[in-house]
Amino acid sequence: MSIKAVHYLLCFACIYVLSHAEPIISQPQSFASFKINNNTTQNEGSCVYTVTISTSCSSISATRDHISLAFGDAYGNQVYAPRLDDPWSSTFERCSADSFRVKGPCTHQICYVYLYRTGRDGWKPDTVKIFGYYSKPVTFYFRTFLPGGIWYGFSYCSSASSSSSSSSSSSASK
């Protein structure tokens, strides 16, 4: 086979693969229609998760805003932490990482995470890392200021599964 034929074959293969690829969400998105699943979010759960949230070095020095977290899998299992902030400690200071122990229902592979912020200070998370017993550790890269009063984050759950979130997404994960 000539080099020219191999080149054309490679170009055709790349076009074919890229035309069938699902988009990857590289930036967090707002999810106005996201709802907390009250049937599966009780903190009285049989699984414990370690959530490490790092605050960007370009965030404000400290925030007094209320920060909530929701994450889950593609099968409707959802973990909800209504208040992670602590205005009396150094939680969510610039250039820092805070770890939380969160109880909730057991999940399969975690494929979405949303943060919710209320307050006037503002806050810029860098990463959210979640470690669970039944799923591989997963990291979500925010690297942007969170808007206030709306669930904001990522969903990498497969659109073919019955996700508890009401957003569309891709099957890629970080």
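Begin by selecting Cys 47 and Cys 106 in this predicted model, where the torsion about their S-S bond is about 90 degrees, so the disulfide is right-handed. Cys 47 belongs to strand 2 (residues 47-55) and Cys 106 to the loop between strand 5 and strand 6, so this bond ties together parts that are 59 residues apart in sequence. The two sulfur atoms stand 1.8 Å apart.

Next, select Cys 57 and Cys 95, which form a disulfide with their sulfur atoms 2.1 Å apart. This pair links distant parts of the chain, with Cys 57 in the loop between strand 2 and strand 3 and Cys 95 in the loop between strand 4 and strand 5, 38 residues apart. Here Cys 57 counts as exposed at 52% relative accessibility, while Cys 95, at 48%, is partly exposed.

Then move to Cys 111 and Cys 157, whose sulfur atoms lie 2.0 Å apart in a disulfide. The torsion about this S-S bond is about 85 degrees, so the disulfide is right-handed. Cys 111 is found in the loop between strand 5 and strand 6 and Cys 157 in the segment after strand 9 (152-155), 46 residues apart; both cysteines are buried. The structure holds three disulfides, and with bonded cysteines counted along the chain they follow the pattern 1-4, 2-3, 5-6.

Now show the strands, and take the open sheet of four with the order 5-2-7-8 and antiparallel pairing. Its edge strands are strand 5 (97-104) and strand 8 (138-141), each of which pairs on one side only, and neighbouring strands are turned by 20 degrees against each other on average, direction ignored. Strand 7 (residues 125-131) meets strand 8 over four antiparallel bridges, and Ile 130 has Val 138 in strand 8 as its bridge partner.

In the loop between strand 7 and strand 8, select Ser 135, which counts as buried at 9% relative accessibility. Leaving aside residues up to four places away in sequence, Ser 135 touches His 108, Gln 109 and Ile 110.

Finish with the open sheet of five strands, ordered 1-9-6-3-4 with antiparallel pairing. Strand 1 (29-30) and strand 4 (78-81) each have a single partner strand, so one side of each is left without a neighbour in the sheet. Further in, strand 3 (residues 66-72) and strand 6 (residues 112-118) pair in the antiparallel sense over seven bridges, with Ala 70 opposite Tyr 114 in strand 6.

Notes:
Residues numbered from 1 in each chain as written. Predicted model: local features only at pLDDT ≥ 70, side-chain atom pairs only at ≥ 80, totals over all residues. Heavy atoms only, no water. Pairing = 2+ DSSP bridges. Helix = DSSP H or I, 4+ residues; strand = E, 2+ residues; numbered from the N terminus. Axes fitted to C-alpha atoms, helices over the stretch in contact; angles between N-to-C directions. Buried < 20%, exposed > 50% of the residue type's maximum accessible area, 1.4 Å probe, protein only. Contact = heavy atoms within 4.5 Å. Disulfide = S-S within 2.5 Å.
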